[in-house]
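Me: I would like to go through this model with you, one question at a time. Could you show it to me, please?

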Amino acid sequence: MKTTSFRRVYVWELPVRLFHWINALCITVLCITGYLIANPPAILSAAEASNSFWFGTNRFIHFATAYVFLFNLVFRFYWSFVGNKYANWRNFFSFNRRFFRRIARVLKLDILLLDGQADAAVGHNALAGLSYFVLFLASLVMIFTGFGMYADMSTWWLPQLFAWVPGAAGGDYLLREIHHATMWLIIVFVLIHLYLVFFHDRRDGLGETSSMISGYKFVEEEAFPEARQKKLEQTNAD
Amino acid sequence: MEPTTTQRPTYYEELRRKGYSRRDFMKFCTMIAAYMGLEASGTAQVANALMQHPRVPVIWLHFQECTCCSESFIRSSHPMVADIILDKISLDYTETLMAASGHQAEAAMRKTMEEHDGEYVLCVEGSVPVYEDGVYCCIGGRSAIDILEETAAGAKAVIGWGSCACNGCIQAAKPNPTGATPIHQLIKGKPLIKVPGCPPIGEVMAGVLVHLVTFGRIPELDRIGRPKAFYSKRVHDSCYRRPYYDAGLFVESFDDENAQKGYCLYKVGCKGPTTYNACGVTKWNNGTSYPIQSGHGCIGCSEANFWDNGASFYTRIPTFPGFGIESNADTVGKVAAGATAVGLAIHATAATLRGKKKGAQMETEGQANAAELD
Ligand code: HEM
Ligand code: SF4
């Protein structure tokens, strides 16, 4: 029995991996603290209010994390222009025919589990790229609505950049609702994302999960040009 | 405002004639300057202005509304407020309070418009229905929209009193059968001050008018046209129950112990966190109280769409559009997350079954490779 040999390919550069985990942490913290802001638990307490500030602290964590979330995202945006080809913005935003054909292939093979020719994506597959673009948009919604609500509590110029949002949206109330509902969109994204990572890792055995830790993915020898060349020559010789 | 050609008495002269002492007058100036958020020297500015400037003519129109704005105004804490503006001193025309009626009243309005063209202040209470050529609100045989357009044309500035004029309030709530429209959508090219609230606080209304008189220009406005002095903070940010909010101590229902203790009303639907108004600072009825102080959450009456915004006055998270009365964003979100989880479980099962052959092959391969290592 012969196993194909693999080559180690450096896919996720360190900045991309750092972004990924900081982002994951921020989203987790923002979802938990945000959910608490929306649904504070009932506490029957005899303590004096002046001795207790947990809800204020919770909000503080939400806002502090929001800044990290924003700066991290800005950094990733920048990196999509200077990073390697797997980090490039074209992975997320190139809506041409080829892109949709690749999406169709991923849908067929990975989602509908039909047979067919696999999409030879080493970085993101096309559908994943699209889903990250959706996440990026959802993050922007969170940032605009969130900092829009926050602007009024702050004197710093950065949140003030978003001070126009409540007026444009017709009031804080709607902002909060959008902010709240989009959280669920993000939660659904996270569920699917986590599942698909595990699914790919289990089915293909190519180290999908660990790639975001080590940076490496394993690519079959056949995928490289020399191997393809050799194969071509062989068929010609036959 | 600059003195006008026809020399009218100043505010101060009129007040003295009505029997107010100078001391009363100065007390009033001090109070109103404080409400307007002016520094200490502002008192003198206000006093000077009221002593030197002749009264500003005011036309005050009533359209689709309940007159609660006028009610609030005449109950503002200092009787002089009402006297200055309402007691014939300044008010040239207002349907609900003027003595004249019928043709006489209409003639008075016309006179003011002609004599003080470009000088009078137009105050509008109520929204304007625009469907069916505006037949839903007619005064003296003319539609509200007609009257508004004509009076606004010669006004120096326009003030929208209350949520009706500023955002349509309840008449504009779905399905808005009369096409009730806030005035900023109908008047273009005039300085316009929005003073929303259902009603706005009397002192806030007085403050806006006194500002116009004192400085001869409209007060500084925020992005959507409300005076910053009164609408730059959320009720929540000046609420005396705020320490309970920050401590996470909430009223769970109106009859619980927490309500007795005066905890924060957030969970029983308080809209303070999304409402811009001066209630927490200025309060109502001579600074006696305001809704939250009397145990009821803020209903957000000065915010656009407060009728349609989704949550009832007693729930905080709005019902999610299109998903029935009881479902809010959390219910919809939980269902969506649940459905996703089910979908993923089905996929996982299908993938396991379909991938059996390949999986078995990978396993044999892997085991063989492991064996080779021995
Ligand atoms: C993954 C990103 C985020 C999630 C999941 C999230 C979630 C939430 C949730 C569920 C709420 C409660 C809404 C409600 O009461 O109905 C909330 C409130 C809030 N969030 Fe976020 N949020 C995120 C990002 C941000 C960002 C980037 C900001 C920017 C500063 C922000 C600022 C706020 C503010 C100001 C509030 C209102 C809190 C208050 O006034 O007490 N959020 N968030
Ligand atoms: S009662 Fe309302 S306005 Fe006051 S702190 Fe609580 S939520 Fe805010």
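Me: How far apart do the C-alpha centres of domain 1 of chain B and domain 3 of chain B lie?
Reply: This is a predicted model, where local features need pLDDT of at least 70, side-chain atom pairs count only at pLDDT 80 or more, and totals for chains, interfaces and linings use all residues. Residues are numbered from 1 along each chain as its sequence is written, chains are lettered from A and ligands numbered from 1 in the order in which they are written, and side-chain values use heavy atoms, leaving out hydrogens and water. Chain B is divided into domain 1 (11–230), domain 2 (233–321) and domain 3 (334–366), with bounds from an automatic or database domain assignment. Between the C-alpha centres of domain 1 and domain 3 of chain B, the distance is 69 Å.

Me: Which chains surround ligand 1?
Reply: A residue is near a molecule if one of its heavy atoms lies within 4 Å of it. There are 26 residues around ligand 1, and the closest are A:Arg59, A:His62, A:His179, A:His180 and B:Arg316. The site is shared between chains because the residues that surround ligand 1 come from chains A and B.

Me: Which residue has an N or O atom in its side chain 2.6 Å from an oxygen atom of ligand 1?
Reply: Let's look at polar contacts, meaning pairs of N or O atoms within 3.5 Å. A polar side-chain atom of A:His62 is 2.7 Å from a nitrogen atom of ligand 1, and the side chain of B:Tyr245 has an N or O atom 2.7 Å from an oxygen atom of the ligand. At 2.6 Å from an oxygen atom of ligand 1, the residue you want is A:Arg59.

Me: What is the space taken by ligand 1?
Reply: On a 1 Å grid over the protein atoms alone, a cavity is a set of points where a 1.4 Å probe fits but cannot get out, and lining residues have an atom within 4 Å of a point. A molecule sits in a cavity if more than half of its atoms lie within 2 Å of its grid points. The whole structure has five cavities of 30 Å³ or more, and ligand 1 takes the space of the largest cavity.

Me: Which element gives the largest share of the lining of the largest cavity?
Reply: Helices here are DSSP runs (H or I, at least four residues), and strands are runs of E with at least two, numbered from the N terminus. The elements H1, H2, H4 and H7 of chain A each give two or more residues to the lining of the largest cavity. With eight residues, the largest share comes from H7(A).

Me: How many charged residues are in the shell around ligand 2?
Reply: Among the residues around ligand 2 are B:His236, B:Cys239, B:Arg241 and B:Arg242. Ala, Val, Leu, Ile, Met, Phe, Trp, Tyr, Cys and Pro count as nonpolar, Asp, Glu, Lys and Arg as charged, and the others, Gly among them, as polar. The shell around ligand 2 has eight nonpolar and two polar residues, and its charged residues number two.

Conventions:
Polar contact = N/O pair within 3.5 Å; in protein donor to acceptor, adjacent residues only side chain to side chain. 1 Å grid on protein atoms, 1.4 Å probe; cavity = no way out; pocket = protein on both sides within 12 Å on 5 of 7 lines; lining within 4 Å. Points joined across faces, edges and corners; volume = space filled by probe spheres on them.
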